[in-house]
Structures are given as C-alpha cells and as structure tokens.
Amino acid sequence: MPTPAPRPFLERLPGSGRSLGAIAAGVAALAGGLAAFGGDVLMVVAALAGAAAGFVAGEIWRGTAGPETDATPPSPIELPPVRAPRPVPSRAPELTAQSLMDALPVPTIIVDETFVVRHANRPARDVFMALREGGPIALATRAPEFARAIEAVLTDGKTERVLLHERVPVERRLDASLSPLEADGGGVGAVLIVLHDNSERDRLAQMRADFIAHASHELRTPLAALRGFIETLQGPARNDAVARERFLGIMGSESQRMSRLLDDLLSLSRVEMRAHLPPTGEVEIVETVREVIESLAQIAKAQGTEVTLDAAVGNRMIRGDHDEIVQVFVNLIQNAIKYGNKGGHVRVTVSDIRSGASAWVRVAVTDDGPGIAEEHIPRLVERFYRVDDKSSREKGGTGLGLAIVKHVVTRHQGELRIDSRLGVGSTFAVEFPLDESK
Amino acid sequence: MEHTVKSYEAELVQLDQKLSQMGGLVERLLGDAFASLERRDPRLASEAIAADQAIDSLQKEIEELAISMIARRQPMAGDLRLIVSTLKVAGDLERIGDLAKNIAKRSLAVASESRPQSLILGLRHMAELAMRSLKNVLDAYMTRDDEKALKVWRADTDIDALYNSVFRELLTYMMEDPRNIGLCTHLLFGAKNIERIGDHATNIAETIHYMVRGKPLVDDRPKGDKTSVTLIDNDPGERN
Ligand SMILES: Nc1ncnc2c1ncn2[C@@H]1O[C@H](COP(=O)(O)OP(=O)(O)O)[C@@H](O)[C@H]1O
Ligand SMILES: [Mg+2]
C-alpha cells in the first residue's frame, strides 16, 4: 500500500526532552513571524515555548528542591527553623510534544519527510476537515506553493512562509509558517507548520462590500414605491380618505419588508462571517423545534394553517449555534406556512438516520402547497432567487431565507434536502450529525 | 531483494505524490478560472491559461512512470489496478484542466460585458459544487475511500440539475433580447464546461471504486442532464 501506515514519529525523536526542545524552538522561531498577528497569540506561543524549554532543563513541572534536610545554621536565639518549602508533587500529566501542540490555540501540524502528517492539533483538524494523522498532508491542501514550501524547509532547513487561499469547502485565507524540526542524526526530520487564519479580516471587508451592494440594490424598489405613495398623498389624493387608508396600509407593509430585508442581510452576513468557524455550542433539536413552532403559532393561525410536530425520538444533541439553528427552523416552517395553501397542513417530523458509522438527526418540514417546479429546486438556496418575484414580495419575502438556511447547515456540517412535486407539496429537510459524545 | 521491494514501494508513493501535485494544480486552475469569469479579471484568466502547461507535463510524467513501472515490475493484481487507475485519474484531471482553461478563455471574451447578477450566481453555484466534488474525489483517491468516492458520484446529479436550470435561464435571456445572445452563449459554454468537469469527477469516483473494490461500479451512471445534446455538446474551443 502506498499510503504508509502511521509510524510513531514523535517517539522516534530523541528523548522527549529534546523533541520538546526542538518543537519549542520551532514555535519560538515562528512566534517572531506571528507577532504581526497580535500580541495575545505571540504571548501564548512564547509562554509555551518557555514552559517547554524549562522542562528540558528539568526546572519546572517536576520541581527541583534539594534534599529535605534542615539546613538552617545554629543561631544564638532560638527561632523556629526556616524550612525550604516542600516540593509539591506534580500532578501535571506527562508533558509530551503532543500535549504541547494540543495546548496551542493555533492550528499546528507536524509533517515528516515523506509528507505524512505526524500530528495535527484540534484547531488544525477544525481548519482542514479531511486531515488525519498518518495521512498525506495533501489532505489538508494540495495548494502547489504549500508543497513547495515543505520541500524547501526539508532541503534547506530554513523557515518558510506561504499565504494559502482555499476556496472549498469554505473560502479562507491562511498564513502558514513552516519551520524545520531536527531529526535523530541531524538534518531536518520534519516540518512544523503553524497556521494563522486571516479569513475573518478579509471576510469583513467582503461582507461590507456585499452588504452595501445588496442593500442598495434591493431597497431601491420599495423605497421608490414609498416615495410614489407619499407624493400621491401630498398631491392628487390629498383629500381622499379611502385612498389614504389603503396607501398607508401598503406603505406600512413595504417599510416592514425593508426592515426585514435589512435583518436578513445582517443575518446572512453574520453566518457568512462565521462560515469557517465550527460551531462551539450545543443545541437540543426536539425542544428547539417545538419552541419555534410555538413562536409561529400566530402566523399559522392567520393563514388557517395547522402545524403539527411528529417527533418519534427523545433528546437529540448536536454541536451547534442555538440562534442559527432556530433561524433555520423559523425560515423553513415560515416558508411552508407562507407558500403552502391557506388552511393547509404543515407537518414537522424529527427522526434519526444512520449513515455508515455516523448518526444524524433529521428535521423535515412538509407542506401540502402548490409545490415547486423541478428546474427551480437547485437554485432556491442562491441569494435573492425566487420562483415568483411577485408572490414572494406580496408575502413579505426577502429571497434570503433559504440562502441563510443553506449557510447555517453547511457551517454545521449538515445537509439540506429539497423534495417537491407540483400540486402535491414540498418537503424541506435538514440533517445534522449528532454530537455522539452526548 | 529488500532493496527492490523498497524502491518499488517508493515508486508507488512517488506516483501518488505526482498525482496529488497534479490534482493541486487542477484545483487551483479551476478556482482561478471561475474567479476570473466572476470578477472579470483578465490577468487572473491569463495566469490560469498559462498554468495548464504544468498540468500537461505532469500528466506525461505520470504516464511515463506508470508505464515504466508496469514494464519493469510487472505488478500483480492489486498493484496493477492501482497503477492503471492512477493513469486513468491523471487523464481525467488533464481533461478537467482543459475545460477549466476554456472557462478562463471565455472570461477574457466577456470581460467587458455587463451581465445579470442572477446568471453569475447560478454559475457560481455550479462552480462551487464542481470544486467541492473535485476536492472530495481527490481526497477519496488519496485515502482509498470508496464511501467518499460514492458520495461524489451521487452528487453529480446536483450539478446536472443546476446546469439544466442555468441553461433554461440563459435561453430565456437570449429570447428576451437578442443583444444578450453573445454573452449568454459564452456563459452557456462556461456552464457546460463546469457540468463536464462534474462528469470527469464522476469518472474518477468510478475509478476509485474499481481500484478499491476490484470490480466496476454496476449501477447506471447518475444522469440528470436533460438538455438537448445538439446545441452544446460540440464546443469548438474546448479541446486544445
Ligand atoms: N414551502 C415552499 N413551497 C413553495 N415554494 C417555496 C417554499 N419555500 C420556499 N419556496 C420558494 O423559494 C423561494 C425562496 O425562499 P426564501 O429564500 O425563503 O425567500 P423568500 O421566502 O423570502 O422569498 C421563495 O420565494 C419561494 O418561491
Ligand atoms: Mg422565506
């Protein structure tokens, strides 16, 4: 098999002390490069490097106090002897190169001379989902300049720095610093890679640009309508009480739509901003769905629509962001009520699915509305895509609801499935991997 | 004996590394080509077009290495399958490179024309799916992950469905206003190129299945493309 089995690379490095020293030195070297990214990162790196260096010298972690004898010289006045403090037995776990890397809050990877990943800490695995220890580094990225940089460090023993621009699964820009780790008999045995994610900064700029472009484009139509009504009310319809009532009603709903549009644009920008960060919280699905259905009771009632929940499962925990997950269910159920038939039935079903070794929870929202023609289905998640512009506008839609859903689902490593038949109805289902540690 | 075995292993690793390198170049080319179309960036387009050469020469290197390995080592079942599969994957990657290069060329042609946002969003959506498939199928190849390859294989219907939808939308624009025809034709070929890239990713998925399982995928290929073949299957600029 050409994919070599994982070798215990870290164990091959000479005595853990030296290997730590090597890594600490590497981290310290990189700290200089990282200084540009902000003091906090630098300090953590420096502190850890210091800790590791101390460990190498045998100064910390285990304590270095001398023999516990009373060394106080005799004195004419009897004073209680002053004792050196007793060494406190260390309760710190064995400090290994792994534990050092795992403690680093920045994505850190060790690659050996055959381009095989020897260790990758949690932040690194969060950045590169496909990455795994014992696998080729190409699973992180096949960016040509990255491989070239690793090659260069291995041959020259100098540090390298590359900027990576990844486009899938989410767009991100990473600043990678690579430095050599000394091998057993001298020479470079491996490369230490420390990554800094610049996506946030770039995304912020992009987000502002998109936001302004979309907002100005989408707000133009309702604004023009408002101005038209105002002019009419000031002019020809000045004394027409019936027209005034009607126009004010339209103006009210147009302005509501404008503020919804701004809300949705903000939500979309927020999820896009965080697209590259795995969610950190925990969400219980069944209760969340129940709460969302309750919160939409008013809207459902106005449509004469009945919303029922069919949850054949107990609590289901996922790793997720509560507000985002709520928004997914709100958007899907609201759509089903809005686009379904008046007096129709919306069924929300929560169920388990197994796929290979992994367990997922599935929430399906089914309506008995008019359905969606096949050619529109794959496009619905694109921002501002609507099957029928007029109907969406009349119903107060912004064309962003499903784009938000898609983004949230992707960030949660989930799936969105749309199934629809004209004249029968539609099912929008989201699936999330269960947090199996729960 | 030990030596021979070892360097044979080393050659297999080298073959994998070359393919991974080639994959990286193709991924970059596809990303740049679409970005150049979306952002109307002629400089990026020219870079993308130039990058295709490196891909072609890597394919030749892979071919030479693979053929010489077969000739010198006369590998048995599993290894032979592996080497032949690498050859096939390299062929599909080279085609993907050509198709991507073609998108970059079209982006040069339409750089100055204004176009409806919704069309570009549709194409972007297609390109994202294609890039994801390409990444996943290359990852699947490197880890010999049959499951992951099958996922890519199944996902091709999504690209086809999108293509059909974008195709319709483009036709609508062309019929609405004949002045749109020039731009829309270029975008149509661009969309077709992406759809074909999806097909090549599907081919790679099939190759992985064969490589891992030792038998070909028996189901019918997922086929969702229902547009007429007469109009767009013969893009003259595609093969060069
Ligand atoms: N349950 C549904 N039944 C029919 N059409 C739907 C349904 N849900 C969404 N759609 C269609 O998808 C489009 C996009 O939905 P969405 O992104 O939520 O935007 P909005 O509801 O603001 O228009 C809608 O305009 C509508 O045409
Ligand atoms: Mg909606």
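Guide: A polar contact is a pair of N or O atoms within 3.5 Å, where one must be able to donate a hydrogen and the other to accept it. Keep that handy, and remember that this model is predicted.

Visitor: Okay, how many residue pairs are in polar contact across the interface of chain B and chain A?

Guide: The rule finds 11 residue pairs there, both partners at pLDDT 80 or more. As for where chain B's side comes from, its helices H1 (2-39), H4 (117-143) and H5 (146-176) each supply at least two residues that touch chain A. H1(B) gives the most, with 14 residues.

Visitor: And what makes up that side of chain B, in terms of nonpolar, polar and charged residues?

Guide: You get 12 nonpolar, 10 polar and 14 charged residues. In total, 36 residues of chain B are in contact with 26 residues of chain A.

Visitor: Why is the meeting of B:Glu27 and A:Arg142 called a salt bridge?

Guide: Check it against the cut-off: a side-chain nitrogen of Lys or Arg has to lie within 4 Å of a carboxyl oxygen of Asp or Glu. For B:Glu27 and A:Arg142 the N to O distance is 2.8 Å, so the pair passes the rule. Across the whole interface, the rule finds 6 salt bridges.

Visitor: How much area is buried between chain B and chain A?

Guide: About 2700 Å², with carbon and sulfur atoms giving 53% of it. The size of an interface is often given this way, as accessible area lost when the parts come together.

Visitor: Now the inside. Which residues have the most contacts inside the largest nonpolar core?

Guide: Those are B:Leu93, B:Met126 and B:Ile194, in a core of 72 residues. The elements giving two or more residues to this core are H1, H2 (42-73), H3 (77-110), H4, H5 and H6 (181-213) of chain B. H4(B) gives the most, with 13 residues.

Visitor: What makes B:Ile194 count as being in contact with B:Met126?

Guide: Contact needs heavy atoms within 4.5 Å. B:Ile194 is listed as a contact of B:Met126, so the two have heavy atoms inside that cut-off. Leaving aside neighbours within four places in sequence, B:Met126 also touches others, including B:Ile159, B:Leu162 and B:Val166. There is a second, separate core too, of 53 residues, and A:Phe229 and A:Leu233 are among them.

Visitor: How many helices and strands does chain B have?

Guide: Chain B has 7 helices and 0 strands. Buried residues make up 54% of its 240 residues.

How values were computed. Residues are numbered from 1 along each chain as its sequence is written. Chains are lettered from A and ligands numbered from 1 in the order in which they are written. This is a predicted model: local features need pLDDT of at least 70, side-chain atom pairs count only at pLDDT 80 or more; totals for chains, interfaces and linings use all residues. Side-chain values use heavy atoms; hydrogens and water are left out. Buried area is the accessible area (1.4 Å probe) that two parts lose on being put together, summed over both. A polar contact is a pair of N or O atoms within 3.5 Å; within protein, one must be able to donate a hydrogen and the other to accept it, and residues adjacent in sequence count only if both atoms are side-chain atoms. Helices (H or I, at least four residues) and strands (E, at least two) are DSSP runs, numbered from the N terminus. Ala, Val, Leu, Ile, Met, Phe, Trp, Tyr, Cys and Pro count as nonpolar, Asp, Glu, Lys and Arg as charged, and the others, Gly among them, as polar. A nonpolar core is a set of buried Ala, Val, Leu, Ile, Met, Phe, Trp, Tyr and Cys residues joined through side-chain atoms within 4.5 Å. Buried means under 20% relative accessible area, exposed over 50%, partly exposed in between (1.4 Å probe, protein chains only).
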